[in-house]
Amino acid sequence: MNQLALSDEILMGVEKPARYIGNEINAVKKNADEIAVRFCLCFPDVYEIGMSHMGIQILYDILNQRDDVWCERAYSPWLDLDKVMREKKIPLFALESQAPIRAFDFLGITLQYEMCYTNILQILELGQIPRYSLQRGEEDPIVIGGGPCVYNPEPLAEFFDIFYIGEGEVMLDALLDAYRESKTKGYCRRAFLELATTIPGLYVPMFYDATYFEDGTLADFKPNLSHAPKTIKKQVIPDLATAPYPLNPIVPFIKATQDRVVLEIQRGCIRGCRFCQAGMVYRPTRGRPVEQLKRFARDMLKNTGHEEISLSSLSSSDYPQLQALIYDLIDACKGKGINISLPSLRIDTFSLDVMSKVQDRRKSSLTFAPEAGSQRLRNVVNKGLTEEMILSGVGQAFAGGWTKVKLYFMLGLPTETDADMEEIAHLAEKIAKCYYEIPKEERIGKCQITISTSFFIPKPFTPFQWSPMFHNQEYIRRAQVVKNEVQAQLNRKSIKYNWHEADLTVLEGLMARGDRRVSKLIIAAYEKGCLFDSWSEYFQFDLWQEAMEETNIDLDFYTMRTREKEERFPWDFIDIGVDKSYLWQEWQQAQDTLLTPNCREQCSACGATCFGGGVCFES
């Protein structure tokens, strides 16, 4: 093991020192002197969160398969160690070699959620890497970003050298080969970045300029380098059967948020919910072969010692061979003390039968995500879920011995009225009645219904990207409408209600929809002490408000406006395959409360077939 970057005294003085020592099971060690390219993957949140992210594990495995590359990992130091590192001027380091991240050729930062943006500045500062791309010299690493937030990278454009748009399996080798070529030819940093613009899926922000109209909307966005493409097309691997998968994932020393074998069964979603960014940007839907998945599960259990398997997908019930896969896993795990976790299942007869085999019904709960209380509003969002389906599923579950139900909704959806909100409480009451209609002597335990509401954010590349948000006070009012109606229900003692933070929501909306001018706000907030903003106990909205005033960033401009059809969005230069005209058509369908069939029932010609594969080509 390499000498640790932190002394024993420091490690003993911080919470969970195992976050910083590396040397976990299946971590990759190589001889740095024999490596041509050193790559550090960084997750801008605490270790336990980052270690639960399967995307990092996939990229880590791909990069380390190359003999000429050593990929290591870094995470945001928690607040206690952050303070010590600043006081003692200890540079942020990678876990495997404990070497400073500034010594690497690449620093790859995954962008999973908008509220991690101040943590990116923490990583750069502690890493002793200049904040702005234009300030970096020949000895600094190439800072590259990837993940779902790159579908609007503009608020972060000045901090990154490159953004990778799409699935990392496709063009990572081309990027690394180009870097090796540039080193062999003695290219300077800028020359390599110019070369990177020729690789599909790579966006190099310094070679693009944005101009604005007097009203603040985007006037033009175009390259300032002759060979830089006007649009960046996301990269997609059409056949998941050929995609690499980490059969030796790293096993942390301490409990991570997802402490289990994660089996990715498919990518994409056929459902077309109009609020869902993932459902649009990850099209087309592609599944892995069931026999491959069985082998993956067997090998990963053996190589990690984990005692649980979780199926990963946006909508597991839509995987065509789900029944064969689950029953095989149940048989293979029988008597071995291995649990099977089944998220994102529709509650139907098959699902309940499966869950009865893998769950303790007295302890577990069933989850429904109706998203809206009324059928009208569910049609607006294209949920494709009726009240009859919900009550039928719940009724079967109660009859089967379950007593706990979790319901997830959104507030602030387009066209929402107070009556729609009140229907959330009415639906919960109807579910409670399903339980109490069971003869008393046949009931097991007490009925527990938990309602959770988040607040709607119109994300880029969704049909709702033209929709406005609301002020935080209005979101709170809407939550109060639901709360009051819950308290008016006959079975209110069986119903619990939770809601998301309104201040956090409006700020996330600003980050999701912002342009390059928002970068100055992120810097100002960070310099005021904003860090770990996704952690509610550390989120300081008052400091963000001060930063908005100082930087002249108008929150309402970015979040409260209804967009016109012709408005140019900061993210329009990215081609996700789904046509903007299709998204606009869906926006009109939503306002007319018209449903669009899912992709397996009927192709709606969204444009994603340009990538090949997917459900559109199934017989």
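So, Pro284: that one sits in the loop between α8 (277-281) and β12 (286-287). Helices here are DSSP runs of H or I with at least four residues, strands are runs of E with at least two, and both are numbered from the N terminus. The peptide bond joining Arg283 to Pro284 is cis, with omega at about -5 degrees.

Quick housekeeping: this is a predicted model, so local features need pLDDT of at least 70 and side-chain atom pairs count only at pLDDT 80 or more, while totals for chains, interfaces and linings use all residues. Residues are numbered from 1 along each chain as its sequence is written, and side-chain values use heavy atoms, with hydrogens and water left out.

Another loop to look at is the one between α12 (375-380) and α13 (387-399), where you'll find Asn382. Asn382 isn't a glycine, yet its phi is positive, near 65 degrees.

Now the domains. The chain splits into domain 1 (8-233) and domain 2 (237-351 + 577-586), with bounds from an automatic or database domain assignment. Their centres, taken over C-alpha atoms, are 26 Å apart. Domain 1 puts 27 residues into the contact and domain 2 puts in 25, contact being heavy atoms within 4.5 Å.

How much area is buried between domain 1 and domain 2? About 2,300 Å², with 65% of that from carbon and sulfur atoms; buried area is the accessible area (1.4 Å probe) that two parts lose on being put together, summed over both. On the domain 1 side, the residues losing the most are Asn26, Met54 and Glu167, together 24% of what that side buries.

There are three salt bridges across that interface, where the rule wants a side-chain nitrogen of Lys or Arg within 4 Å of a carboxyl oxygen of Asp or Glu. Glu167 also turns up in a salt bridge with Arg267, at 3.4 Å, N to O. As for elements, α2 (47-50), α3 (54-64) and α6 (168-184) each give two or more residues to the side of domain 1 that touches domain 2. Of these, α3 gives the most, with six residues.

Last stop, aromatics: the structure holds 33 aromatic pairs, meaning Phe, Tyr or Trp rings (the six-membered one for Trp) with centres within 6.5 Å; planes under 30 degrees apart are stacked, over 60 edge-to-face, the rest tilted. One of them is Phe39 with Phe106, stacked at 5.2 Å centre to centre and 15 degrees between the planes. Phe39 is in strand β1 (residues 37-43) and Phe106 in strand β3 (residues 106-110), 67 residues apart.
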